[in-house]
Amino acid sequence: MPALIPATEPLLVRTPLLDSLNPDPVPVSGRPVRWGVISTGRIAATVISDLALLPDALLQSVSSRTQENAEAFALEHGFRSAYGDDGGIPGYQRLLRDPAVEVVYVATPHTSHYPVAKAALDAGKHVLCEKPLTINAREAEDLVSLAREKSLFLMEAVWTRFLPSVQRAAEIIASGELGEIRWLQADLGFPAPYHPKSRLWRRDDGGGALMDVGVYPLTWALISLGRPQSITATAQLVDGGVDSDTALTLSYSSGAQVQAMTSLTAATPQTATVCGTKGMLRCNAPLFNPSELTIVSSSGEQRVEKFTPAGHGYTYQLREVIRCLQQGLLESPTMPLADTLATMSLLDEARSQVGIHYPAD
Ligand SMILES: NC(=O)c1ccc[n+]([C@@H]2O[C@H](COP(=O)([O-])OP(=O)(O)OC[C@H]3O[C@@H](n4cnc5c(N)ncnc54)[C@H](OP(=O)(O)O)[C@@H]3O)[C@@H](O)[C@H]2O)c1
């Protein structure tokens, strides 16, 4: 195991950023939390640059399928050790044996979330795992049971929930300012050129629009209206059996409805609009990281609230993981495991209606 950075404890420096990211009235302990990162891919690099903004996050170890990639990533981002596949042992398994690692961030493709997160929990590590948590609800239930059995923290990395703009939207909706919520529209689509080897399009990689971005419109539905009574899906499937475009209708016992759209072919507005009996709220694009909320009352009065996120916007969920670990919480009240299980069940049901099946099902 190459030691890349001298193993000295960091000095915890309180900063306005740290304070602004810690809205909880119970103060954080300030204890440094040692992170391991599994993957050197695209999202891992972006999220880690935000993790580095947090003074009580210690970048301990990174793993990759190759030692070369792991070391290059470690040097670039300041990790202390790097693990690649070696002698038939996957790099991530080697990282999980590192006793210094307390929590792992899993940022590998969808289909590996379950085996990698399970191995991490089995090794006694807390887990923050990219979305979707798993390929199906059965795998998700298994991870949740394992985390609870072992008293370990587990969270799906739905970073959008922790953004100040989205927290504010949830606050406005809960305040009753919009009245009773009756209708919600949310979409996330972008044209992704078809490539048979891309994880977005490969069935074996859990490809398709719904699995890649469905969690974002569903997040707006869950924070605005909670869990629906039923879901109806229609989809356009491509040759490999994954969806290029999926439309969802969620129905609630109150009579409220959600229309959600995911697409890998169309440049969609990428917004969410929440409509109630007294007014509506619309976020600007992209709905996964909005910087503006427009609130329009039923009488036509309008106001705009603006937000500037810290870093790329991932700092808030990372701050939450650290806060939970420092305070001994095993799940985040802002992104509860029950909501992850509800989302995975909705995705399962939608997939079964339109005929999307993955090898793990
Ligand atoms: N929260 C967000 O905003 C956001 C944005 C994009 C993606 N994501 C999620 O993050 C995950 C990764 O997406 P990405 O775009 O970063 O993908 P990516 O660029 O393809 O990176 C994934 C990395 O995982 C590693 N890997 C590949 N196959 C693996 C396997 N079978 N087992 C273990 N590791 C493997 C590779 O790193 P090594 O070469 O180092 O092994 C690869 O570079 C997806 O689940 C996606 O849904 C989230």
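## Basis

The model is predicted: local features need pLDDT of at least 70, side-chain atom pairs count only at pLDDT 80 or more, and totals for chains, interfaces and linings use all residues. Residues are numbered from 1 along each chain as its sequence is written, and side-chain values use heavy atoms, with hydrogens and water left out.

## Helix α3

Helix α3 spans residues 67-77 (helices are DSSP runs of H or I with at least four residues, strands runs of E with at least two, numbered from the N terminus). Its buried residues are Ala70, Phe73, Ala74 and His77 (buried is under 20% relative accessible area, exposed over 50%, partly exposed in between, with a 1.4 Å probe and protein chains only). Seen down the axis, these fall within an arc of 100°, so they line one face of α3; the arc is that of the directions from the helix axis to the C-beta atoms.

The buried residues of α3 pack against α2 (42-51), β2 (57-63) and β3 (81-83), where contact means heavy atoms within 4.5 Å. Glu68, Leu75 and Glu76 are exposed on the face turned away from the buried side. Just after α3, Gly78 has a positive phi of about 90°.

## Aromatic pairs

There are five aromatic pairs in the structure (ring centres of Phe, Tyr or Trp, the last by its six-membered ring, within 6.5 Å; planes under 30 degrees apart are stacked, over 60 edge-to-face, the rest tilted). Phe73 and Phe79 have ring centres 6.0 Å apart and planes at 35°, so this pair is tilted. Phe73 has a relative accessible area of 6%, and Phe79 one of 0%.

Trp159 and Phe288 also form a tilted pair, at 5.9 Å centre to centre and 40° between the planes. Trp159 is buried at 4%, whereas Phe288 is partly exposed at 24%.
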